[in-house]
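Let's walk through this structure together, one region at a time. Keep the sequence and the 3D view side by side as you read.

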Amino acid sequence: MSNSTDNTGVRFDAVIVGGGAAGLSGAVALGRSLRSVLVVDKGEQRNLPADAAHNVIGREGISPRELVAEGRREAVSYGVEFADDEVISVDRDGDFTVTLGSGRIVTARRLLLATGLVDELPRIPGVQEAWGHGVLHCPYCHGYEVRGRRIGVIATTSMGSVHQSLLFAQLSQHVTLFAGAVEFDEQQLAELRVSGVGIVEGEVERVIEHDRDVTGVQVDGRVHDVDNVVVGTRMMARTELFEQLGGVPQDHPFGQFIPSDPTGATGVDGVWTAGNAGNLAAMVSVAAGAGLLAGIAINADLVAADVRAALV
């Protein structure tokens, strides 16, 4: 859906890059403050492969696509405009100059990067194919739905894989950690044993899947029966635009993100971030809250700037 196609050269109070929970919440906050807002969204939200979004109070289990569609309708009702496009470059000379993939160019007084992240999956056949359905990563996002099932955790890092195994062991008595090439210290092994987590040594060759459902994990030629697989991903925030403006991403043990203060303000003047771009662990509700805070902060910053200009 796009309700604006001919605004080349238009100046917006804010351009929001990314139309997931964070970007849409920021857009609604700014729209309700009578700000002119353009949301540029290519439709690549991280959770789209999932069947449902959980821990979303009042909308528990809503489809991620439905959540985005409803958020867009709400934002449009407050005058927010959308472009089904991508931002290929940003520059700054006073205002931000924002160039879209279509060739359209707009300017913005403030910028909100709600660009999300990319999950880098282990290169094991079957993992990508079943991602978001039979292959999971977050016990809080999807754990309840697989409670009591046979769960196989494929190790990607020692710390992260032990953490995942212990959390999923709270939900099922049938958790197996497939160690692969990852080594664990004695404390970690003791924690796994006391939590009832089984350990399988050897190279993980493939995940057995059909129509996104998982039935097994193949290790050294032998198939171990499981109902779901859990993997730890390397979570890489989409930082290209931030870097174009001189920003420096920050490393994290599990990936990379855009650093910011609690309101989402980054070290680049006039640029905010919200959602997974700035918080790798943010689930839908957390991302939405961050977007709201960023929208509020952007509006307050614009008010202060307008008052200063009027006093000159």
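A word on burial comes first: a residue is called buried under 20% relative accessible area, exposed over 50%, and partly exposed in between, using a 1.4 Å probe and protein chains only. Please bear in mind that this is a predicted model, in which local features need pLDDT of at least 70 and side-chain atom pairs count only at pLDDT 80 or more, while totals for chains, interfaces and linings use all residues. Residues are numbered from 1 along each chain as its sequence is written, and side-chain values use heavy atoms, with hydrogens and water left out.

With that in hand, turn to Asp225. At a relative accessible area of 53%, Asp225 is exposed. Asp225 belongs to strand S14, residues 222-225; strands (E, at least two residues) and helices (H or I, at least four) are DSSP runs, numbered from the N terminus. Which residues does Asp225 touch, leaving aside its neighbours within four places in sequence? They are Arg150, Thr215 and Gly216, where contact means heavy atoms within 4.5 Å. Ile208 is 17 residues from Asp225 in sequence, and their C-alpha atoms are 9.1 Å apart.

Next, find helix H6, which spans residues 186-194. Gln188, Leu189 and Leu192 are the buried residues here. Looking down the axis of H6, you will see these buried residues fall within an arc of 100 degrees, so they line one face of the helix; the arc is that of the directions from the helix axis to the C-beta atoms.

At the start of H6, a side-chain oxygen of Asp185 comes to within 3.2 Å of the backbone nitrogen of Gln187. After H6 comes Gly196, with a positive phi near 80 degrees.

Now for the charged pairs. How many salt bridges does the count come to? The count is 17, a salt bridge being a side-chain nitrogen of Lys or Arg within 4 Å of a carboxyl oxygen of Asp or Glu. One of them joins Asp306 to Arg35, with the closest N and O atoms 3.7 Å apart. Asp306 sits in helix H8 (residues 284-311) and Arg35 in the loop between helix H1 (21-32) and strand S2 (37-40), so the pair ties together parts that are 271 residues apart in sequence. Arg35 is buried at 13% relative accessible area, whereas Asp306 is partly exposed at 33%. Together with Asp13 and Arg109, these two are linked in a network of salt bridges.

Another salt bridge brings together the side chains of Asp84 and Arg72, at 2.8 Å from N to O. Asp84 lies in the loop between strand S3 (81-83) and strand S4 (87-93), and Arg72 in helix H2 (residues 64-77), 12 residues apart. Here Arg72 is buried at 8% relative accessibility, while Asp84 is partly exposed at 43%.

Finally, the cysteines. Cys138 is buried at 10% relative accessible area, and Cys141 is buried at 19%. The count of disulfides comes to zero, a disulfide being a pair of cysteine sulfur atoms within 2.5 Å.

Key. Polar contact = N/O pair within 3.5 Å; in protein donor to acceptor, adjacent residues only side chain to side chain.
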